[in-house]
There are 2 protein chains.
Amino acid sequence: MLKRIVMTITSAAMLQYAAHAQQAIGGGTQVASPEIHDDHTVTFRLEAPEAREVYLSGDWMPADGWTPGKVAMEKEESGIWIHTTEVLPSELYGYVFLVDGLRVNDPGNPFLSRDIATLTNIFIVAGDPGDLYRVNDVPHGTVTRRWYDSPGLGMDRRITVYTPPGYECSGESYPVLYLLHGAGGDEEAWPTLGRAVQIMDNLIAGGKATPMIVAMPNGNVIQDAAPGEGSDGYYTPRFMVPKTMDGTYEETFEDIMKFVETHYRVKADKAHRAIAGLSMGGFHSLHISRYYPDTFDYIGLFSAAILPNQNTESKVYQDIDSTLARQMENGYKLYWIGCGKTDFLYNNNLQYKEKLESMGMPHLFVESDGGHIWKNWRIYLTAFVPQLFK
Amino acid sequence: MLKRIVMTITSAAMLQYAAHAQQAIGGGTQVASPEIHDDHTVTFRLEAPEAREVYLSGDWMPADGWTPGKVAMEKEESGIWIHTTEVLPSELYGYVFLVDGLRVNDPGNPFLSRDIATLTNIFIVAGDPGDLYRVNDVPHGTVTRRWYDSPGLGMDRRITVYTPPGYECSGESYPVLYLLHGAGGDEEAWPTLGRAVQIMDNLIAGGKATPMIVAMPNGNVIQDAAPGEGSDGYYTPRFMVPKTMDGTYEETFEDIMKFVETHYRVKADKAHRAIAGLSMGGFHSLHISRYYPDTFDYIGLFSAAILPNQNTESKVYQDIDSTLARQMENGYKLYWIGCGKTDFLYNNNLQYKEKLESMGMPHLFVESDGGHIWKNWRIYLTAFVPQLFK
């Protein structure tokens, strides 16, 4: 009898069921956007019959200083605005629409990245390096969001941890890369904007990287977690979280290492620890690696914010020369600095390079095109990781 | 000398640094939205000086069938459109703006939920039940996205697993709730739209739920993972993924149980297994629990899609009467059915209830207000979980 019930209800219910799910608040007809063609041109479409002016703004377009590029879209009779790009080189791109001056995400594309408080649609053009940023059919590592106790900060804090394919069952111990975000970022930055999970999976699958744990902590000491993921609830994230560059993070970084080294199967020695970060995270990596001068064999500064410290009182920023000298004396295997030639921090990084040269402190300085952008940080991560733990 | 560099770079760099981060593609001035007042009225704002007509559409507004409610916003001289609600009862709400007919997310609010291909802004009004859906300062469980091998489907598949606070260090074994999503959903549905992580943390912290593992698998057998998280890359998700209700999932569900029971410290017996799901996941729970008739002591059907099967050939849907009878004979502790009185599946659920009554099969049938909506599924989860493993 149940079978009869199960089988005889008319398909009207199924249609209604389908209708429901298409009808999230205010949802309408969707047009295909973005459509990535085989020749790597890309067509964008937006159904907005009432709009007077629609632009497409994409991060592949030449920007005017900090003002992103944009291109006017054409309105078709159907009320759909359309634009097809030139051939785009392989990359992970971001874009939005500007509709009568209003910044609007693409309703045809549910994939977004959040950078501080701003959401940008993303898509990937296949090839090199785009294929490194996508999920391929390779063995996958595990991504965990969990909470650790930070006695130094007096709170439980959230951290994202990548463990490599096979970690759970291998019984082996692994090296650890501590991977730090920039100002305005959090423990979600590297796994989302940075595609760190896909990069690690793909580099390991390609035999280019040693299987390792990647710990992605939150570098804002007044936050327990990323916006919306912690006890502060939902609020509009701001760029510069207070106290993130006043020495507190560096001083309490031991809490993070202790957590990782007591809760994961790791090789807990200098030869198996790396630390790297972008922008503010590069600043943190610079100072953490010299403040704990016999702790890391691998240091990566990606567009590092070598900047004035807000708080000169912190003991972290005392004796910089002598602690750097001690770090050099203790030895390390790689001190890697990457910076874009148009990055506003380029000169600062150049000065730091000269400083290291004058000290005779070994390092690798890699220049790239472009500025202070995630495109570069993904490339730096991809260049840095294969050099670790070899 | 480094210290001099670190200390003497002018703060111009810092300002530039700040300017950069505010300037993600096309970002502009942001106004506070939504602003939740102490009296639980909520003000929404959108800066759109060029717009002719702006509506706010929120899921607290009376809908006309499947058409969501909306209210016109007022334009201020500043070009900011504004609307303040009446007092809203505690809840997690969703909303969007309609700007000259275009569905637009709130640029002031980076918090969204994805339902199939549709992104909706969310906010929480404090109280009961809203406080259950937010991250509170309580011990937190761990949320893991990992991949398991499904020999039955011939692929590696992604799963979201919640382990309760203390799992990693307790050495204890735990019961498991398998929590299934609806059509159009995936392994991200319960952790995001369903707030399952926050509900579990808060119920456990309040002493209302037994610490348990919650396994949230992907119920679409042709997918290895949620859209954008699997090897299909980025594409526009559709409502009804093929083959999700043809018996394949039920038949291969053993792969999921086997993975959980061999990779987590679980009490692997019937007394410590529960299965529940919403809509299509309720359909799956109904059939899985009778197809494996001596496996689950706790069954939860939330607005279950008791619907015609596409594929009558599957052995899963044979002998329904006899397998249900066997399930009853084998015994279980809770067969919980929840459905909203205005749900389009209400009558189907009522018929099923009558069917169980006619068989003398014990169950609990709980009616709620409202229809086929996440608000109800969060409430059902909150009602169901405290009854488990007691």
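Is H40(A) buried, exposed or partly exposed, and how many C-beta neighbours does H40(A) have inside 10 Å? H40(A) counts as partly exposed, because 16 C-beta neighbours lie inside 10 Å; the class covers residues between buried (20 or more other C-beta atoms within 10 Å of the residue's own) and exposed (12 or fewer), with C-beta atoms placed from the backbone.

The model is predicted: local features need pLDDT of at least 70 and side-chain atom pairs count only at pLDDT 80 or more, whereas totals for chains, interfaces and linings use all residues. Residues are numbered from 1 along each chain as its sequence is written, and chains are lettered from A and ligands numbered from 1 in the order in which they are written.

Two residues other than glycine have positive phi values. In H40(A), phi is about 70°. H40(A) lies in the loop between β1 (35-36) and β2 (42-47) of chain A; helices (H or I, at least four residues) and strands (E, at least two) are DSSP runs, numbered from the N terminus. In chain B, S279(B) is not a glycine either and has a phi near 55°. The loop that holds S279(B) runs between β15 (273-278) and α9 (280-291) of chain B. S279(B) is buried, with 26 other C-beta atoms within 10 Å.

Chain B also contains cis peptide bonds. One of them joins S33(B) and P34(B), with omega about -10°. P34(B) is placed in the loop between α2 (12-21) and β1 (35-36) of chain B. Another cis peptide bond links D128(B) to P129(B), with omega about 15°. The position of P129(B) is in the loop between β10 (118-125) and α3 (130-133) of chain B.

Chain A is assigned domain 1 (23-127) and domain 2 (135-387), with bounds that come from an automatic or database domain assignment. Taken over C-alpha atoms, the centres of these two domains of chain A are separated by 32 Å. Seven residues of domain 1 of chain A are in contact with eight residues of domain 2 of chain A, contact being defined by C-beta atoms, placed from the backbone, that lie within 7 Å. On the domain 1 side, the elements that give two or more residues are β7 (91-99) and β9 (112-115) of chain A. The largest share of that side, three residues, comes from β9(A). By class, the domain 1 side has three nonpolar, one polar and three charged residues; Ala, Val, Leu, Ile, Met, Phe, Trp, Tyr, Cys and Pro count as nonpolar, Asp, Glu, Lys and Arg as charged, and the others, Gly among them, as polar.

Notes: Two residues are in contact if their C-beta atoms, placed from the backbone, lie within 7 Å.
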